[in-house]
Amino acid sequence: MVRINRKHRKHFLFHHFKKLACMKSIDILLVEDNEGDIVLTTEALEECKIVNKITILKDGKAAIDFFEYLNDNTEMPDMVLLDVNLPKMSGHEVLMYIKSNDNYKHIPVIMLTTSSSEKDIMTSYKNHVNCYITKPIDAIDFIKAIAKIEDFWINIVSIPRN
């Protein structure tokens, strides 16, 4: 068993709580058509105690329309959580649209999908997805995965702000 002396424990706790107090807020665009996954994702994001603004769109066409109608009064998302299998337009088409547009290509796009198809993974990375995550089937594992996504993209990585 590793023992941490009192001085180091106080130092660790100070920095841990300082980190919690300084957590950033982030605007997330969630493009997902499955109601159950929408609920799980939003609940997991709320559990993380990080202030988020979450915009939910349920098909690929709505996602592209969202970006086409962005203006100075609309805040651009800081991150996009994108499903591959969407109605009207696929997640791949949405990803290509975002990453081919100079105004949006800096936005991290995370494919969060049930598809573990090698073709979907390769297509996503060829179109410059920032990461590809296959959704865990178990609800608890799904919530843990969302918490890790949020921790990594908010607390560890520096992303450009609008």
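**Close-up views of a predicted chain**

Of the 162 residues of the chain, 41% count as buried, and the legends below describe a predicted model.

**View 1. The chain as a whole, with its order of helices and strands.** The chain has 6 helices and 5 strands, and when followed from the N terminus its elements run α-β-α-β-α-β-α-β-α-β-α. Among contacts between residues at least 6 apart in sequence, 68% join residues that are at least 24 apart.

**View 2. The largest nonpolar core, with Phe67 among its members.** This core has 23 residues, of which Phe67, Val80, Leu82, Ile98 and Tyr104 touch the most other members. Two or more residues of the core come from each of β1 (26–31), α3 (60–68), β3 (79–82), α4 (91–99) and β4 (109–113). When residues up to four places away in sequence are not counted, Phe67 touches Leu29, Pro77, Val80, Tyr97, Ile98, Tyr104 and Ile107. Another core, of 18 residues, lies apart from the largest one, and its members include Leu30, Met79, Ile149 and Trp153. In soluble globular proteins, nonpolar side chains tend to be buried together.

**View 3. Helix α4 and the elements that cover it.** Helix α4 is largely enclosed by the rest of the structure, because 7 of its 9 residues are buried. Those buried residues are Gly91, His92, Val94, Leu95, Tyr97, Ile98 and Lys99, and what covers them includes α3, β3, β4 and α5 (118–126). At the start of α4, a side-chain oxygen of Ser90 reaches to within 3.3 Å of the backbone nitrogen of His92.

View 4. His92 is found in helix α4, and its relative accessibility of 11% is under the 20% limit, so His92 counts as buried. Leaving aside neighbours within four places in sequence, His92 is in contact with Val84, Met111, Asp120, Thr123 and Ser124. Glu93 also lies in helix α4, but Glu93 is partly exposed, with a relative accessible area of 36%. Although Glu93 and Asn127 are 34 residues apart in sequence, their C-alpha atoms are 9.3 Å apart in space.

**View 5. The packing of helix α2 against helix α6.** Helix α2 (residues 35–47) and helix α6 (residues 139–156) pack with their axes 9 Å apart and at an angle of about 50 degrees. The two helices α2 and α6 are therefore oblique to each other, and α2 passes α6 in a right-handed crossing. On the side of α2 the contact is made by Asp37, Leu40, Thr41, Ala44 and Leu45, while α6 contributes Ala139, Phe142, Ile143, Ile146 and Glu150.

View 6. Lys88 has its place in the loop between β3 and α4, and its phi is near 70 degrees, a positive value in a residue other than glycine. With a relative accessibility of 69%, which is over the 50% limit, Lys88 counts as exposed. His128 is found in the loop between α5 and β5 (131–134), and His128 likewise has a positive phi, of about 70 degrees, although it is not a glycine. The relative accessibility of His128 is 53%, so this residue counts as exposed.

Terms used:
Residues numbered from 1 in each chain as written. Predicted model: local features only at pLDDT ≥ 70, side-chain atom pairs only at ≥ 80, totals over all residues. Heavy atoms only, no water. Core = buried A, V, L, I, M, F, W, Y, C linked by side-chain atoms within 4.5 Å. Buried < 20%, exposed > 50% of the residue type's maximum accessible area, 1.4 Å probe, protein only. Helix = DSSP H or I, 4+ residues; strand = E, 2+ residues; numbered from the N terminus. Contact = heavy atoms within 4.5 Å. Polar contact = N/O pair within 3.5 Å; in protein donor to acceptor, adjacent residues only side chain to side chain. Axes fitted to C-alpha atoms, helices over the stretch in contact; angles between N-to-C directions. Parallel < 35°, antiparallel > 145°, perpendicular 65-115°, else oblique. Left-handed = near helix turned anticlockwise from the far one by under 90°.
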